[in-house]
Amino acid sequence: MQKTLIAGAFALLALSTSAQAEKVKFEYWYGLTGQLGEQVQATCDRFNASQDTYEISCVSQGDYATALQNTIAAFRAKKHPTIVQGVEVSAPDLMLSGQVYPAYKLMEDHGIDIDWDSYFPGIANYYADSEGRLWSMPFNSSTAMMYWNVDAYKSIGRDEAPKTWEQYEQVLRELKEAGSACPAGYAPSSWVDLEQFSMVHGEPIATKNNGYDGLDAEVVFNTTLHAKHMKDIKRWIDEGLLVIKTRETGLSTRDAFAAGECAHYFGSIASHQAVTEQVGEGFLWDVAMLPVYEGTERKNSVVGGASLWTLSGKTEEQYRGAAEYFKFLAKPESAEFWSTVTGYIPVTDEGFDYLVKKGFYDERPYKGREKAIESLTYTPVTPLTRGIRLGSFVQIRAEWTSQMQAVLSSQKTPQEALDDAVERSNAMLRKFERTYAGKTLP
C-alpha cells in the first residue's frame, strides 16, 4: 500500500513538472525599481498564478531609458523581450522603429476583445495612431498634481487650494509673512513645468499640433505662456517664495513636503502613495489640480508614466501569451490591485467606475486620487492637449532641465535659457527627421 502511495506521488510530481515545462514563457522588461518595481513583479506573479498555459518573466532594467537602450542592444543578438515598458514620450521613437507589434493588432489577431473606447482620452491619445488605434497598452499612468499642506493653509486663514497662479503667488507671500521658511519646494521638471503646464493652458509645445502632424515640427515653448511661467518661477525663487530642493542638496521636493518643511509640492499623482507612507500622524494634506493663469480656459491635463509595447521577432505562442497578459491587465480587478499598491490611477472608465462603486476614493489614504481623473478628463482632448509626438523627447527633456539649472545658478535669464533649449531641441528634431526620412507617423 505504501509503495502504491509513493508511486502515485511520483506520478503526480512528474505530471506537475511536465505541465510546468509545457508553459509558454516570455519576457517583459520594465523600467521601475524599488517599491514600484516590486509591485510590477507582484502583478506578474498574479498573472502567472491566474492560468496554466503562459509564464511571464519580468525583469527590471533600472529605469525607462535603460530598458529601451538594453532592448535595442538585445535586438542585435535576437535576445530582446516580448514586451518592453516605454515612457510616454518615447512613443514616436517606438512607432517608427519598425520593431513594434501594435497592441490593437495583437489583440485583434488573437481574437481578444478590448473596449478601447473605455480608455481615458487623456491617456489613450498618447499611444494611439492617427486612426485612434492604440499601439501600446497603457499601464502605469498618472498626471501632475499640486500637493498642499492643509495645516499650513489654516495658519494663514485659508482652507482651499489656489486655482490660479496669481492666487498661488499670494498664498506663497502669506506663508512667508507668517514665518514659513519654505512656502514651496522647487526643482525644475519638464514634465510639470513645461508639458503639463502647456496642456492645461492649451498652449503649444511644438508646431504641427505638438508633432502629431509631421516629423518636421519645431518646438516653440520659448514663445508661449510657458516663457512667462518660467520668469515667474525665477522671480519667486529670488524672492524666497520658492526654495530649491533636490536630493543632491538634501531632501527632494516630495520628501521636503512630506517632512513638513515645505508647504507645496508639484508632482505625479503616483507619489500619493509614497507621501501617504512618509507623512507623520496627524499631518493634514491634500492634492489639487495644477493652477492656471487668470483668463485661461482650463483644458485637460495629459498622462505621464509608461505603457507596454510588444516587439517583433517572437513566436506565435509568445504573442498569445502577451495578448493574454494585456487582457489580464485590462480587467477592473487588475486596476484595483495596481491602484491599491501604488499611487497610479486606473486607465479606463470601467476600472475607475469599479473603484468608485467599491468606495475606493471615499476615505484616506486613497481619497483625493480621483482628482487626477478629474484633471485628465476636465475637457475633451484638443489637438494641443492629446500629448506630445516629438522624436528624441527624452533628450529634449534633459536639455530643458539643463538650461533651467543654468537659470537657477544665475548663468542665464529664463528667456536666454529657453531660447537655447529650443535651438538645441530643434537640432535634435532635425536629426530625428533625417533618421526617418521618407517615413511618416502612423
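This is a predicted model: local features need pLDDT of at least 70, side-chain atom pairs count only at pLDDT 80 or more; totals for chains, interfaces and linings use all residues.

User: Why is Tyr 265 called buried?

Analyst: Buried means under 20% relative accessible area. Tyr 265 has 7% relative accessibility, so Tyr 265 counts as buried. Tyr 265 lies in strand S9, residues 264–268.

User: What is Tyr 265 in contact with, leaving aside its neighbours within four places in sequence?

Analyst: Contact means heavy atoms within 4.5 Å. With those neighbours left aside, Tyr 265 is in contact with Met 145, Met 146, Tyr 147, Thr 253, Arg 254, Phe 257 and Ser 271. Tyr 147 is 118 residues away from Tyr 265 along the chain, yet their C-alpha atoms are separated by 5.0 Å.

User: What makes the pair Tyr 265 and Ser 271 a polar contact?

Analyst: A polar contact needs a pair of N or O atoms within 3.5 Å, one able to donate a hydrogen and the other to accept it. The side chains of Tyr 265 and Ser 271 are joined by such a contact at 3.1 Å.

User: Where does Ser 271 belong, and which residues are buried there?

Analyst: Ser 271 is in helix H13, residues 271–278, where the buried residues are Ser 271, His 272, Gln 273, Ala 274 and Val 275. Their cover includes S6, helix H12 (253–258), S9, strand S10 (285–288) and H15.

User: S6 is in that cover. How do you know whether Asn 149 is buried or exposed?

Analyst: Asn 149 lies in strand S6, residues 144–149. Its relative accessibility is 9%, which is why Asn 149 counts as buried. Leaving aside neighbours within four places in sequence, Asn 149 is in contact with Phe 257, Ala 263, Phe 283 and Leu 284.

User: Which residues lie nearest the centre of the largest cavity, and which element gives the most to its lining?

Analyst: There are 16 lining residues, and Phe 139, Leu 329, Ser 334, Ala 335 and Val 347 lie nearest the centre. Strand S5 (137–142) and helix H15 (332–341) each supply at least two residues of the lining. H15 gives the most, with four residues. By class, the lining has twelve nonpolar, three polar and one charged residues.

User: How do you know that the length of helix H8 agrees with its number of residues?

Analyst: H8 covers residues 165–177, which is 13 residues. The expected span is 1.5 Å times one less than the number of residues. That gives 18 Å, and the end C-alpha atoms are 18 Å apart, so the two agree. The buried residues of H8 are Trp 165, Tyr 168, Glu 169, Val 171, Leu 172, Glu 174 and Leu 175.

User: What sets Lys 208 and Ser 392 apart in phi?

Analyst: Most residues other than glycine have a negative phi. Phi of Lys 208 is near 55 degrees, a positive value, and phi of Ser 392 is near 60 degrees, also positive. Lys 208 is found in helix H10, residues 207–210, whereas Ser 392 lies in the loop between H17 and helix H18 (393–408).

User: Why is Lys 208 called partly exposed and Ser 392 buried?

Analyst: Partly exposed lies between the 20% limit for buried and the 50% limit for exposed. Lys 208 has a relative accessible area of 36%, so Lys 208 is partly exposed. Ser 392 has 16%, and therefore is buried.

User: Which kind of peptide bond joins Arg 364 and Pro 365, cis or trans?

Analyst: Most peptide bonds are trans. The bond joining Arg 364 and Pro 365 is cis, with omega about 10 degrees. Pro 365 is in the loop between helix H16 (349–357) and helix H17 (370–376).

Methods
Residues are numbered from 1 along each chain as its sequence is written. Side-chain values use heavy atoms; hydrogens and water are left out. Buried means under 20% relative accessible area, exposed over 50%, partly exposed in between (1.4 Å probe, protein chains only). On a 1 Å grid over the protein atoms alone, a cavity is a set of points where a 1.4 Å probe fits but cannot get out, and a pocket is an open set with protein on both sides within 12 Å along at least five of seven lines; lining residues have an atom within 4 Å of a point. Ala, Val, Leu, Ile, Met, Phe, Trp, Tyr, Cys and Pro count as nonpolar, Asp, Glu, Lys and Arg as charged, and the others, Gly among them, as polar.
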